[in-house]
Amino acid sequence: MQVPFDNTYVRLPERFYARQSPTPVAKPGLIRVNDDLADLLNIDSHWLRSEEGIATIAGNHLPQGAEPIAAVYAGHQFGSWNPQLGDGRAILLGEVIGKDNRRYDIQLKGSGQTPYSRMGDGRAPLGPVLREYIVSEAMHALGIATSRALAAVTTGESVYREETLPGAVIARIASSHIRIGTVQFFASREDHEALRLLVDHTLARHYPGSYESSMSDGDKALALLDQVMQAQAKLVASWQMVGFIHGVMNTDNMLLSGETIDYGPCAFMDTYNPETVFSSIDHGGRYAFRNQPGIAHWNVACLAQALVPVISDDEETGVEAAKAALDKFPPYFLEANIAGLRAKLGLVTEHEGDEQLAKDFLDLLETHQLDFTLSFRRLSEMAGVEPAENVSKIAGFPTAFDDWFDRWQKRCGKDDERCGEEQERCGEEQESCGEEQNSPDRQAAMLATNPAMIPRNHLIEEAIREATDSNSFDLFHSLVDALATPYSLDGKSERFLKRPKPEEVVRQTFCGT
Ligand code: AMP
Ligand code: MG
């Protein structure tokens, strides 16, 4: 078998999906294969590059063992309930077990119509496919839980949106594609048997250590809810740490596995402004950067509500238990958030006031309209040098930062005192500790936490333009290559690291539909 399928979702009852093969395309052409990921999935990347491999990604060839389906789900889109969604332009070929012993879905996106396409053509334009490839792989390299890109191909066909665009297909990999909206679909139909099956399937697949098979259905549902809340809290905190704005945090775009999915109108912030919104359809700023944690809470509340009939036969009891469980979401998020901020500031111990210190730095960035990524990177670089007066001057920050630097260095000093005490207790040398307020260790840790490079929107747009207008994928490939090592400056062209010039700033992104 070229793809070592081991399918489980298709073993669930037929009302979970529709059997649907991809629709062949006119003339498949390879854009890129992700060799490392293919290797992890036990797929030969030479085969993926072969005519048959390319035909597989394009949907023109079904590899042995594939059991193609389109999954059904529902969801809240921008807060409005939609009872009937589903994979309208995506087809799950099947699952494989990776070299890491984890299970992965292989899904084609842009592979033709399904029973859930509604008015859509089931296709994807080249631009959104390239964006998803670049950003999802960048997120992975940043250490953020995410769906990934195994390969992308052009179709040799046009897709018609506001303009005529080249078509493409991306092979997307995720631990599963089970969404909050999948649970909502069965809840809204009062299909309690399906809900129980889904809880069991999801727990076994994603959170095997969190439950015992002897537990009651209600306790299993609560265990699942708690695990998803923790995963989502951690996920959204990790987005906030790199300035990632998802753009369409609808409940159908939130996976129970806690991986980022659906790279539609997403974008990374350049200048720090918590109000930032990119999506052209997000008029009210519902999914603005600052709102992401609150929206995640809202989304897991939808999950909790959908699980109520499994939590208890008595609705009132179920609702009370779900509410009590949901109260844990804010502390889960705050804990992940402050841990992330401490790491960004190079702090290893916990002190009261750390959150304020981080907030004040962010407020300064906002006031002075500084670049989020570059500012934390510069701060990291400063951590390795001797403290000096007028640090701002050396590091190129406005002098308004001087007081803050002073506070930060004093706070770093507290970490170093602790470090000194601990080493004394251990009888070790005190080389990097003691009076010094900056240390090479801190610098190294901060440089490994605060990326030098993020997938900046103006570069993505340029790569998409070159590919769409001139059939040139050079910039696309260079970006994907450089973003594989976001914490290192090695081999990165200067322009990949810089913030956009005023005339280059991209203010709006569009859905991939
Ligand atoms: P999204 O905004 O990408 O989360 O998609 C929302 C819903 O619309 C999902 O059910 C998609 O499968 C469906 N959809 C989006 N684009 C298309 C398309 N071009 N053809 C068919 N269905 C689509
Ligand atoms: Mg979606």
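Helices α10 (residues 329–344) and α11 (residues 354–367) pack at an angle of about 65 degrees, with their axes 10 Å apart. That makes α10 roughly perpendicular to α11 (65 to 115 degrees counts as roughly perpendicular). This is a predicted model, in which local features need pLDDT of at least 70, side-chain atom pairs count only at pLDDT 80 or more, and totals for chains, interfaces and linings use all residues. Residues are numbered from 1 along each chain as its sequence is written, and side-chain values use heavy atoms, with hydrogens and water left out.

**Helix contact**
- On the α10 side, Leu334, Ile338, Leu341 and Arg342 meet Asp354, Glu355 and Ala358 of α11 (contact means heavy atoms within 4.5 Å).
- The residues of this contact divide into four nonpolar, no polar and three charged (Ala, Leu and Ile are among those counted as nonpolar, and Asp, Glu, Lys and Arg count as charged).

**Arginine 342**
- Arginine 342 lies in α10 and is buried, with a relative accessible area of 12% (buried means under 20%, exposed over 50%, partly exposed in between, with a 1.4 Å probe and protein chains only).
- Its side chain makes a polar contact with the side chain of aspartate 354 at 2.5 Å (a pair of N or O atoms within 3.5 Å, one able to donate a hydrogen and the other to accept it).

**Positive phi**
- Most residues other than glycine have a negative phi.
- Arginine 118 has a positive phi of about 50 degrees; this residue is in the loop between β6 and β7 and is exposed at 54% relative accessibility.
- Glutamine 369 also has a positive phi of about 50 degrees, sits in the loop between α11 and α12, and is exposed with a relative accessible area of 54%.

Conventions. Chains are lettered from A and ligands numbered from 1 in the order in which they are written. Helices (H or I, at least four residues) and strands (E, at least two) are DSSP runs, numbered from the N terminus. Axes are lines fitted to C-alpha atoms, for helices over the stretch in contact, and angles run from 0 to 180 degrees between N-to-C directions. Angles under 35 degrees count as roughly parallel, over 145 as roughly antiparallel, 65 to 115 as roughly perpendicular and the rest as oblique.
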